[in-house]
Amino acid sequence: MPTSYLLKITLKHTPNTIWRRFVVPSVMPLDGLHDILQTVMGWDNCHFHAFTVGRQRYNPVEIEEDGDLFETDYTLADVAPKKGTKIHYEYDFGDGWEHEIVVESTDYSNPDWPYPVYCIEGVRACPPENCGGVSGYVDFCEIMTDKKHPEHREIKEWYGRKYDPDYFDLAKVNKALGVKPKKNPKLQEALKPEPEVSDILSRLGKKLKKAVEAAEKKK
């Protein structure tokens with residue numbers, strides 16, 4: 001019987017901790033989990049990634065290496081059946097963003113959040129894509145907050161918008177995940193997913209449906 005997992009993902013090696021706590025179904029395939037991680041963290045899904053549990057590595061189908069497995073063939077419950085299991089998630093092999101995912105519960109429930117996927121809380125903003133890994137991120141934050149820095153204007157134009165490293169928008173994340181609060185029509189409309197987000201949710205829904213059907217056949 002599918003259950004809900006409570007997970008906490010932490011971006012490793014940054015000077016100030018960046019993390020998210022969120023819920024996903026136990027039957028979520030790892031490629032679907034990747035899509036959710038990109039959303040809750042704030043990445044743009046424009047680089048390769050991989051999962052590692054223990055000594056076993058799980059790759060996207062685009063990456064085929066001896067001894068590795070494909071993430072499409074395994075669910076979260078397959079690779080992390082117990083509370084306390086740690087999953088290593090690397091994104092962008094060039095910048096080398098390393099994350100640690102900890103299974104905090106394998107049977108989580110909260111009547112106030114009747115959704116298969118949702119984010120409960122988080123701390124600090126995600127680093128920008130292609131900023132050069134942790135060291136580049138540190139430099140980026142320093143330059144963006146110092147208007148007198150000789151590279152401030154150039155970096156600000158490159159990024160194209162304001163950046164507050166301490167800001168995390170929970171409502172924005174849940175909007176992207178398709179979460180709509182009850183009994184508040186105005187807020188429901190504000191959190192209505194954009195068309196491209198709806199496409200992502202549709203793909204995740206199909207993956208979940210197949211995973212649930214496969215779980216039922218195993219009974």
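Reader: Where is the place of glutamate 71?
Author: The model is predicted. Strand S5 covers 69-70 and helix H2 covers 76-79. The place of glutamate 71 is in the loop between S5 and H2.

Reader: Is glutamate 71 buried or exposed?
Author: Not counting residues up to four places away in sequence, glutamate 71 touches residues including Leu30, Asp31, His49 and Phe51. Tyr58, Asn59 and Pro60 are also among the residues it touches. Residues under 20% relative accessible area count as buried. Glutamate 71 has 4% relative accessibility, so it counts as buried.

Reader: Which residue follows H1, and what is its phi near?
Author: Helix H1 runs over residues 30-41. The residue that follows H1 is glycine 42. Its phi is positive, near 110°.

Reader: Which residues touch the most other members of the largest nonpolar core?
Author: This core has 47 residues. H1 gives the most to the core, with six residues. Leucine 33 is in contact with Leu7, Phe22, Val24, Met28, Phe51 and Leu76, leaving aside its neighbours within four places in sequence. The core residues that touch the most other members are Leu7, Phe22, Val24, Leu33 and Phe51.

Reader: How many aromatic pairs does a search of the whole structure find?
Author: One of the pairs is formed by phenylalanine 140 and tryptophan 158, edge-to-face with 75° between the planes and 6.1 Å centre to centre. Trp43, Tyr91, Trp97 and Tyr137 form one aromatic cluster. Over the whole structure, the search finds 10 aromatic pairs.

Reader: Which charged residue sits over the ring of tyrosine 159?
Author: Tyrosine 159 is buried, as is phenylalanine 140. A charged end sits over the ring of tyrosine 159, 4.3 Å from its centre. That charged end belongs to arginine 161.

Reader: Lysine 8 lies over the face of which residue?
Author: The distance from lysine 8 to the ring centre is 4.5 Å. The ring belongs to tryptophan 19.

Reader: How many disulfides does the structure hold?
Author: A disulfide is a covalent bond between the sulfur atoms of two cysteines. Cysteine 126 is buried, at 10% relative accessibility, and its sulfur is 8.7 Å from the closest cysteine sulfur, in cysteine 131, which is too far for a bond. In the whole structure, the number of disulfides is zero.

Reader: Is cysteine 46 buried, partly exposed or exposed?
Author: Buried means under 20% relative accessible area and exposed means over 50%. Cysteine 46 has a relative accessible area of 45%, so it is partly exposed.

Note on methods: Residues are numbered from 1 along each chain as its sequence is written. This is a predicted model: local features need pLDDT of at least 70, side-chain atom pairs count only at pLDDT 80 or more; totals for chains, interfaces and linings use all residues. Side-chain values use heavy atoms; hydrogens and water are left out. Rings of Phe, Tyr and Trp (its six-membered ring) pair if their centres lie within 6.5 Å; planes under 30 degrees apart count as stacked, over 60 as edge-to-face and the rest as tilted. Buried means under 20% relative accessible area, exposed over 50%, partly exposed in between (1.4 Å probe, protein chains only). A charge sits over a ring if NZ of Lys or CZ of Arg is within 6 Å of the ring centre and within 35 degrees of the ring normal. A disulfide is a pair of cysteine sulfur atoms within 2.5 Å. Helices (H or I, at least four residues) and strands (E, at least two) are DSSP runs, numbered from the N terminus. The expected span of a helix is 1.5 Å times one less than its number of residues. A nonpolar core is a set of buried Ala, Val, Leu, Ile, Met, Phe, Trp, Tyr and Cys residues joined through side-chain atoms within 4.5 Å. Contact means heavy atoms within 4.5 Å.
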